Amino acid sequence: MKINSPLEAYKYLPGTNCTVCGEQTCMAFAAHLIDRSRKLSECTPMLEEKFSKKLEQLQGLLAPEIREVEIGVGEKTVKIGGDDVLYRHKLTFFNQTVFAYDVWDTMDDKDLVERVKKIQDFKKFYVGNFLTVDMVAVRSTSNDPKKFASVVKKVIETTDMPLVLCSFNPEVLKAGLEVAKDKNPLLYAANKDNWQQVAALALEYDVPVTLFAPNDLDLLKSLAKTFAEMGTEKLVLDPGTFPSGKQLKETFNNFIKVRRAGIDGDREIAYPLMAVPLMAWMVHDDPVSASYWETVIASVFTIKYGDIMILHSTEPYAMLPELHIRDTIYTDPRKPVTVDPGMYKIGSPTKDSPVFVTTNFALTYYTVESDISSNKIDCFLWAIDTDGIGVEAAVAGGQLTAAKIKKGIEESGFNMKTDTSHNTIILPGLAARLQGDVEDETGSKVLIGPADSGRIPGWLEKNWPPKK
Amino acid sequence: MTNKMKLTQLTEMLQELNIESLEGVTIEGDIELNITGGGGLNPALAYALGHEISQISLHMANIGRMLGFPAEQLFASAFGMAGMQQPQAPSLGTAPRIQELLASKFEVAKMNNWNNPIQEVTLGATSTDGGSRKNTITIGGENALPYYFDAAMPHRNYVTMDVFDMPIGMAKAVKSNYDDVINDPAEWAKKVVREFNADMVTIHLISTDPLIKDTSAKDAAKVVEDVLQAVKVPIVIGGSGNPEKDPEVLEKAAEVAAGERVLLASASLNLDYERIARAAVEHGHVVLSWTQLEINAQKELNRKLMKQCKVPRDSIVMDPTTAALGYGLDYAYTNMERIRLAGLMGDDELTFPMSSGTTNAWGARESWMVSSPLSQDSDWGPREYRGPIWEIITGLALSLAGNDMFMMMHPTSVQVLKEITQTLYGSIEAEELDISNWIGAEV
């Protein structure tokens, strides 16, 4: 992004505060354009003819430093790149790293279909959603165009996941493209020897293409510059992923260098990056070691700027941490993860069951919830809206107050006097200083629970039911 | 009147081609045409202007064509002749033929605002320094983010392995490594150094917790003495985490370990940190300044340790809290990265090396549970492979955020984490690999 203040974006907006976008003012909308929580297209007045020039200019200014590239078609299309910062706390990272797991053209049909389905169907529940993987990379190990085409065809028949077509032989790539031309696959790869033919294919079929220059950033940049000049900016850069020793250290620094240059404004190299953790299999014979190292390398380059990667191990012990580290890095660190405020029934609470208060910070909430439910304690648990801040900080910062607790309990239609037999609220130990205020505000008795919800079971034994 | 072709468009197109200079071409004067009014324009003037603009456009288009841009196509579409026969029928997206790669040199600037080195802290003392350790370990000293090319990293990462003063509940995959030593902290300490390559040992005095065994500070101190006898590496002494008891326990431990320059774990805002800090200063130890995922709390505690308790700068290590992968590591990672960046950029209250309780990864159900409790999940596979990688990835992420020292439990995790961090550090040799034809590899 070339601009970073709402004021700069505001200058291009209609300035009529028409509220069509849902914001009260154009300035508010401008602020959301800058933090990328709203899209320019949501300002429909800008689509009028008279604003076309400003629209175009603003689009240019708001465009991310690292280009965004789309692969695939339909629902499963993936977007990669699009980042503006080197550190996620500055803005957040966009378009999470795309995971492509490989198949190869010497596989027999049965194994192939089985593997593709395994890749497609892998899922892991996490905070309300399923984590899944994204793509299939078809490698030509045979170097035979016919074989490659038939395997690509089989993959397309089996899944609608986007594809990477992998070969250094333009004949092989062309054969694959003929079969997959409606699928917008990613070509892998142009290198110093085949770039002219691969460029011709990328332009002819209008598909994104990877440029491969192992440990040679001058060459990588030359390739990118040449391809852009020839008419395509749908590029992905692969600086080579060396899986061990000093070469791996160099790989690490290559990724950092390329991304830093791109964010700093070197347009010639500001493209998404590809890592190939699969290389771990070239140095480890034992499948567990290879899977471990592949996961380790995948994690390094999920954290440091890999936008897409090709992987091999489909062992769950490799895939689970890969999916979780990706989720970790692409969670927006500016917005605390929250649960909906309100009353949660744990187990089957009755009028005699305890009433606990906590915050709507997801981590706190889930910790308390699991501590209670795994000990089979029936109770009411209130997640008070603290803007997703944990107990200690919310008490200090005024997001957790007696008034908020009263409001939180009342708004769910719960009546402490009639819905409980004890009219007692249990505050977290870290909110002890609110005790008097909460008693005054709610007219309920207030007990102070333990500082750590892990101690709730022992605490209840001593303190529940409350003494009259 | 057709006027779709505008000078601004042309110049914009030229800009998009990344043309920095046009050799042999001079364009004199500012070409800026300001046509105001609509119907009031004199037709003759309009014609003359139109002629002039068209001439300029043609001239510019010729430049464009010389540079290889298919200008005729553009004119064709601009004048509604797109369907007409093209001189050459170029296929979709045809580009100028380029025979040679365009030369380009990659350059990138080093960071210019990382001016403040991280404090170096030495743990352990040899006989020359009044201790009995065979070696010391120094962490910190960085002038850049870990493993970055901006500045050499002076010290590698270190791993200190956990030893407990009584048997505790552990994930099966961890416990199976310690069955034989679980009742003997000294033997346990020996084992992690000898067999598992631990750089340091952490003795956790958890039995002192009034809710567990309420072992006296004096008895706990004996265990510390035993461990100091058993191993020659620097050690970390951890309390039980009970805020009432820990100050007393760590005071006593600091006393029996006088001169050994141990790391006292931990001073925190929710206990009497002053007592722990005083014990460290008095007996020549280092304090672990522990806060929970909050950068300002970390600053506050460090400030109190320095100003109020007079702990020297070279005797503070921070622990900003480790959450396991999938259990808040997103916070832990960013918190640590922000702390390290702030330190490098000169925040004196945050320029300290960092330690991580990486063992926390074993609290994640993915690391120890036999299988997923959710039937919709894909098979999680064998847990003996899942657990160690959970600890490895948790630690690895934090190492990239700036963490210097890891407190860990599983031997495999220790081995792999050490290998990857030392690889990135640059001290692992491996045979060079040619990956230029990797696609065809039999993998």
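Predicted model: local features only at pLDDT ≥ 70, side-chain atom pairs only at ≥ 80, totals over all residues.
In total, the count comes to three cavities of 30 Å³ or more. The points below take up the annotated cysteines of chain A, then chain B and one of its helices, and finally a lysine of chain B.

**Annotated cysteines and the cavity**

- In an unreviewed entry, UniProt places the feature "binding site" at A:Cys18, A:Cys21, A:Cys26 and A:Cys43. Although these positions are spread over 26 residues of sequence, they cluster in space, with a largest C-alpha distance of 9.5 Å. The lining of the largest cavity includes A:Cys18, A:Cys21, A:Cys26 and A:Cys43.
- A:Cys18 is found in the loop between α1 (6-10) and α2 (26-34) of chain A, and with a relative accessibility of 35% this residue counts as partly exposed.
- A:Cys26 has its place in helix α2 of chain A, and its relative accessible area of 9% falls under the 20% limit, so this cysteine is buried.
- When neighbours within four places in sequence are left aside, the residues in contact with A:Cys26 are A:Tyr10, A:Leu13, A:Gly15, A:Thr16 and A:Asn17.

**The annotated domain of chain A**

- The feature "domain: 4Fe-4S" is placed by UniProt, again in an unreviewed entry, at residues 1-60 of chain A.
- Within residues 1-60 of chain A, the span is 38% helix and 0% strand, and its end C-alpha atoms lie 8 Å apart.

**Chain B as a whole**

- The secondary structure of chain B comes to 13 helices and 10 strands, while buried residues make up 52% of its 443 residues.
- Of the contacts in chain B between residues at least 6 apart in sequence, 70% join residues that are at least 24 apart.

**Helix α6 of chain B**

- Helix α6 of chain B (residues 217-230) has 14 residues, which at 1.5 Å a residue should span 20 Å; because its end C-alpha atoms are 20 Å apart, the model agrees with that expectation.
- The buried residues of α6(B) are B:Ala217, B:Ala220, B:Ala221, B:Val223, B:Val224, B:Val227 and B:Leu228. Seen down the axis of α6(B), these buried residues fall within an arc of 150°, so they line one face of the helix.
- On the face of α6(B) turned away from the buried side are the exposed residues B:Lys218 and B:Gln229.

- B:Lys105 lies in the loop between α3 (71-78) and β1 (121-123) of chain B.
- The relative accessible area of B:Lys105 is 54%, which is over the 50% limit, so this lysine counts as exposed.
- Once its neighbours within four places in sequence are left aside, B:Lys105 is in contact with A:Asp218 and A:Lys221.

Note on methods
Residues numbered from 1 in each chain as written. Chains lettered and ligands numbered in written order. Heavy atoms only, no water. UniProt positions renumbered as here; feature names shortened; annotations may be inferred. 1 Å grid on protein atoms, 1.4 Å probe; cavity = no way out; pocket = protein on both sides within 12 Å on 5 of 7 lines; lining within 4 Å. Helix = DSSP H or I, 4+ residues; strand = E, 2+ residues; numbered from the N terminus. Buried < 20%, exposed > 50% of the residue type's maximum accessible area, 1.4 Å probe, protein only. Contact = heavy atoms within 4.5 Å. Expected span 1.5 Å × (residues − 1). Arc of directions from axis to C-beta. Points joined across faces, edges and corners; volume = space filled by probe spheres on them.
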